[in-house]
Amino acid sequence: MYNLDTPIEYLKGVGPVRGDMLRKELNIFTFGDLLNHFPLRHLDKTSVSRIADIKPDTDYIQVAGVIVHVELTGAGRAKRLIAHLKDSTGTLELTWFQGISWVQKALEVGQSKLVYGKTGYFNGRPQMVHPEMEAFNNLAVKGKPVLDPIYPSTEKLKVKGLNGRQLAKLTEVLLQTIQPADLPENLPDTLLQSLRLIGRYEAFKYIHFPPTPTDYDAALRRLKFEELFIAQVRLQLVKVQRHQTSRGVIFEKVGTLFNDFYNHYLPFELTGAQKRVIKEIRIDTARGKQMNRLLQGDVGSGKTMVALLSMLLAADNGYQSCMMAPTEILAQQHFNGLSDVLKDLPVTIKLLTGSTKAAERKATLAGLQDGSIQMVVGTHAVIEDKVQFANLGLAIVDEQHRFGVAQRARLWEKASLPPHVLVMTATPIPRTLAMTAYGDLDYSVMDELPPGRQPIHTVHRNEMARASVMEFVRTEIAKGRQAYFIYPLIEESEKLSYESLMEGVEQVKSYFPEPKYWISMVHGRQPADQKEMNMQRFVKNDTQIMVSTTVIEVGVNVPNATVMVIESSEKFGLSQLHQLRGRVGRGSEKSYCVLITGSKLSNEARERIKIMCATNDGFAIAEKDLELRGPGDIEGTRQSGALNFKLASLINDKAMLEVAKEQAEMLVTSDENLSLPQHERLRHYLMSQKGKTGWSKIS
Ligand code: ADP
Ligand code: MG
């Protein structure tokens, strides 16, 4: 008997040759894969347009007529087949560049054809390249509408006679071959009823061959929901399982270090968001379960203070803590900041990076091992094999998108009980993405900036206007402020990046000659101590201008810097621009960001610049980024299979995702092991998909 796992070549009409092509071109290996190869759209055969209706801005259109002319022109790569299709209103030129001999066989003057495709204008005449085409029978359009599925196909398949419409024929055969029992319901009845979802078998049938557009919509809605809901149930189960099985160190009390610091050394009043997150962390770390929390806070929202208070909490309970940053500069800066505010408190904090000198490193390693050092700040050097902790209770990962999941996992091995983990990211992730990519983590958001911050005024300037930009920078420096000039990393070549930076430095120097102005320069090729020295000079205001590549992107905190000029800003992505801009506007002075570009901009680059000038809100920017680039490319998300939805879209189906999440949470909360009879089929379905579920406990 056939089922969804049957290899595709056994489907009637496929066979070994086509089977091979389907595997290679579309990743269709089984009956089930073909069933999940969904139509791009449906054609209503009754809606045939007139050729005269084709306008320069017409997109896809379906027309019918008689072939009045067929001609082969050109030779070699310029060879093409041209045909003219005529109806009572006009003539449309059809063109093929590929598969010519195959098309030619199926095309004769005098035939009636129904063609469908994207129209364009060529030499002032309407034209359609590589249309979908079939014999046109006038009778077919009478009577009720016939919705014909059009499937995504590839040029290669089209050439070999497996175009979108032929795939439809195969799918039709497939649906006759498989039985309703092959597609059993997996959602609970109550859910189907309360959300008015149609059954699973019906949905698969109608998404391919809907009797009416309404049926198609119902099928799409059902299958999208299933996709989102199943993903959410999986995440909830992973989370529940982690909570059930994980043990963690217990921070049972808030002690004198925390209280002392809070009452006497806190340099400012905490924001509401900071207070809320610290409370969440306190509750989380007291339960005896491992905390695995993601903290998202926009640039400048004050995550470092949350980290510090959490580290004090660990120390109060006799545990060590570590904080890891993605770059040496940032680690150094965190260390400087933290040791400064902690200097009057009885805690020992050390820095550990790749460039820590041997003697110091040895002492630090010993202190971590015997427990005399309570806190360590560092780069990935902290998780190297040699580092042993006496009792690591808390690991904080700052600016997480630079830090791999595998690297984080190594922290677990540093203690008998896994330390609590707090991952902090300043790359806001749209809520929908966070819900799917991080749904199994505990999740906090700091959506509030400290009081008194003024929005950064952002403008776009053409590189021709550089002189006036420089004048502006000069007036800011004259007021005692500092400025950044950022140059892009040129991906193809480190050497080119370096050269463009050097040119940049020369240019900046020509406007701001030393010794009247002092310039720091930081880039990826510098030895760590030079980087650090340049950075420190800028921090201390010994230099007024910082020229750098994006190495200062994350975390650097110089509140007196009020201007950021980003060169070739069209080369940066949105979240990167936002991160960079976050280096200014950190003090109480009004800050500015100038985005310099060349004059030729792609539409997308123009859009990015426009968004940057319009808003300072990292979450709004993240939403736009998601719209512009799609979920696959967004920084700060795991490249997670959970994002690969076939039908649902994190951009267009937000509301449905919210419902799916809420329902999944309710269901899993009420029945953690899915052992209730009404959840039997859901459990059964997840088991059958075990490889994807990563859900081993439930048997
Ligand atoms: P980020 O979240 O980007 O890591 P930081 O922790 O570097 O932000 O904080 C940015 C700046 O805001 C720092 O100068 C910090 O001292 C200051 N800051 C943090 N919290 C507050 C607060 N509650 N009130 C005033 N200033 C704050
Ligand atoms: Mg930070």
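Predicted model: local features only at pLDDT ≥ 70, side-chain atom pairs only at ≥ 80, totals over all residues.
1. Ground rules. Local features need pLDDT of at least 70 and side-chain atom pairs count only at pLDDT 80 or more, while totals for chains, interfaces and linings use all residues. Residues are numbered from 1 along each chain as its sequence is written, chains are lettered from A and ligands numbered from 1 in the order written, and side-chain values use heavy atoms, with hydrogens and water left out.

2. Who surrounds the ligand. There are 16 residues around ligand 1, counting any with a heavy atom within 4 Å of it. Gly 300, Lys 303, Thr 304, Arg 453 and Arg 586 come nearest. By type, the shell has 4 nonpolar, 7 polar (Gly counts here) and 5 charged residues.

3. Polar contacts (pairs of N or O atoms within 3.5 Å). Oxygen atoms of ligand 1 lie 2.6 Å from a side-chain N or O atom of Arg 453, 2.7 Å from a polar side-chain atom of Lys 303 and 3.0 Å from a backbone N or O atom of Gly 302. As for cover, ligand 1 taken alone exposes 570 Å², and the protein buries 84% of that (Shrake-Rupley, 1.4 Å probe).

4. Thr 285. This residue belongs to helix α11, residues 272-285 (a DSSP H or I run of at least four residues). Thr 285 is buried, at 0% relative accessible area (the cut-off is under 20%, with a 1.4 Å probe and protein chains only). A polar atom of the Thr 285 side chain is 2.8 Å from the backbone oxygen of Ile 281.

Notes:
Polar contact = N/O pair within 3.5 Å; in protein donor to acceptor, adjacent residues only side chain to side chain. Helix = DSSP H or I, 4+ residues; strand = E, 2+ residues; numbered from the N terminus. Buried < 20%, exposed > 50% of the residue type's maximum accessible area, 1.4 Å probe, protein only.
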